[in-house]
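Here is a model to read closely. The questions below ask what stands behind each label.

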Amino acid sequence: MLAVLATMLVSFSGCHKNEIPTGKPQEPVEKPEEKPDTKESISILAIGNSFSVDAMHFLYGFLKEAGYEKVYLGNLYIGSCSLKTHAGHFTANDKAYTYYVNESGSWVTKSDFSPIDALKSKEWDYISMQQASADSGMPDTYDPYMGQLIDIVTKNCPKAKLMWHMTWAYQSNSSHASFPKYDKDQLKMYESIVNAVKAKIAPVKSFVHIIPSGTAVQNLRTSFIGDNITRDGHHMSYNIGRYVTALMWARQIAGIDVEKSSYRPADQTYTDHQIQAMKDAVEKAFKKPFEVTQSAYKESNGDDDVTGYVYPEYKANAALRKMVTDAGYDLTGYKELEYKFHAYSYYNSSKSSMLEAKSSGSTASNIDQFGSIGIYEKKDLPEGTIIACKGRTYRPEGWVSLDQKNSSRPAAVSTQIVVVDKAWWGSYNFRAFNISWEGNIHMSESQMNSIPEGFAIFVPTQTL
């Protein structure tokens with residue numbers, strides 16, 4: 001009898017030991033029908049602001065690709081929220097938050113949510129904290145508020161592993177009101193963030209991870225992508241910025257193999273070259289989280305656009321040159337812009353995905369009505385540029401920032417000759433063209449290929 005009891009106790013003790021949380025997602029007991037890399041679940045809660053919204057936006061997809069059967073993401077959001085403000089709301093447990101939740105691949109929001117309710121809504125595997133971007137490089141803004149938050153979180157979620165989200169420096173030309181705190185110097189802001197994290201976060205044993213999003217972003221800025229990773233000077237761009245930060249989270253938390261990752265958000269388009277640059281930035285940030293590492297992808301791959309479409313060779317348009325000169329314009333000192341024409345595609349400045357293209361799988365019902373060219377900056381189409389079209393209609397799409405969608409789109413144009421001036425550019429910094437036959441007909445392949453015969457741009461060799 002005693003032997004039986006001893007056997008039962010040993011068996012019970014072994015089972016209990018295996019069930020104690022280790023701070024990382026438990027591997028399920030392997031069954032013959034399961035894949036060895038299948039994981040049961042992972043749950044992550046962010047105590048953040050719009051920067052955590054950006055960084056977690058695509059995280060679900062990366063974690064599903066990593067093998068988690070169930071992914072549950074939460075984000076307690078208040079715009080520009082600092083540690084001090086978070087500590088106050090957590091202490092009062094008032095319903096001050098918008099609660100973002102993603103458990104099926106799409107984010108939903110719940111208004112007027114209390115922080116303790118969020119903490120107790122799941123047995124969280126991980127909970128992240130971060131400082132407001134304005135104060136992220138100011139060490140004296142961290143205490144005593146971070147300690148207060150840690151106490152409340154660990155009291156309510158004793159099994160959760162805590163993480164620190166190290167955010168990014170602003171774009172070098174950012175107009176953010178707090179950028180002068182760092183002398184409007186991006187590198188100074190980045191180094192201030194790193195130093196604050198080293199001084200205030202790294203020594204705190206409660207944090208099992210520091211997620212170096214700021215370093216991943218700074219690394220990527222040394223690539224051909226450059227300082228074009230935000231949509232407004234401080235928030236991440238809808239495509240590249242949100243991708244690289246989500247990948248950084250997945251690398252740091254789940255240990256995904258960055259190089260083998262093939263996940264791409266369905267509503268965004270990227271070139272393989274962009275993906276490689278982002279993977280390079282993330283892996284280097286993982287290995288050296290507190291210093292900038294130069295990108296291995298310095299040069300752009302200019303032959304492809306975001307869909308990988310290869311453009312046909314441009315042919316000079318003698319007929320439209322004659323039309324312009326016959327109208328009284330002297331094209332001496334002008335050069336014809338050798339644009340790249342993309343068949344069966346159009347830009348849409350009111351969507352974050354920007355470009356609909358048959359070559360990237362678009363099945364839009366009107367995709368065969370348009371071809372497109374662009375995107376151009378002011379230096380590419382200076383004042384005095386002449387846009388000529390005949391038998392065609394075009395929409396000159398415009399953006400203030402390529403990662404900031406518009407509420408409305410520019411009107412279509414059928415005027416044969418338009419001279420670019422300040423009013424034409426208006427507040428836009430970038431423009432592109434969707435071109436169709438007059439009447440917006442559904443084009444055959446031969447009609448599509450003849451679009452360039454009715455559209456030309458003549459650029460002055462010196463700004464007029």
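Predicted model: local features only at pLDDT ≥ 70, side-chain atom pairs only at ≥ 80, totals over all residues.

Q: What share of the protein chain counts as buried?
A: The share is 51% of the 464 residues. The label requires under 20% relative accessible area.

Q: Why is F58 called buried?
A: The cut-off for buried is under 20% relative accessible area. F58 has 5% relative accessibility, so F58 counts as buried.

Q: Where does F58 sit, and which residues is F58 in contact with beyond its neighbours within four places in sequence?
A: F58 lies in the loop between α2 (50–56) and α3 (59–65). Contact needs heavy atoms within 4.5 Å. Leaving aside neighbours within four places in sequence, the partners of F58 include Y238, R242, Y243, Y263 and Y270.

Q: What makes β4 and β7 edge strands in the open sheet?
A: The seven strands run in the order β4-β3-β2-β1-β5-β6-β7, with mixed pairing. β4 (108–113) and β7 (207–211) each have a single partner strand, so one side of each lacks a neighbour in the sheet. From one strand to the next, the twist averages 20°.

Q: Why do β5 and β6 count as paired?
A: Pairing takes at least two bridges. β5 (residues 126–129) and β6 (residues 161–165) have four, in the parallel sense, so the two strands pair. M129 stands opposite W164 in β6.

Terms used
Residues numbered from 1 in each chain as written. Heavy atoms only, no water. Axes fitted to C-alpha atoms, helices over the stretch in contact; angles between N-to-C directions. Buried < 20%, exposed > 50% of the residue type's maximum accessible area, 1.4 Å probe, protein only.
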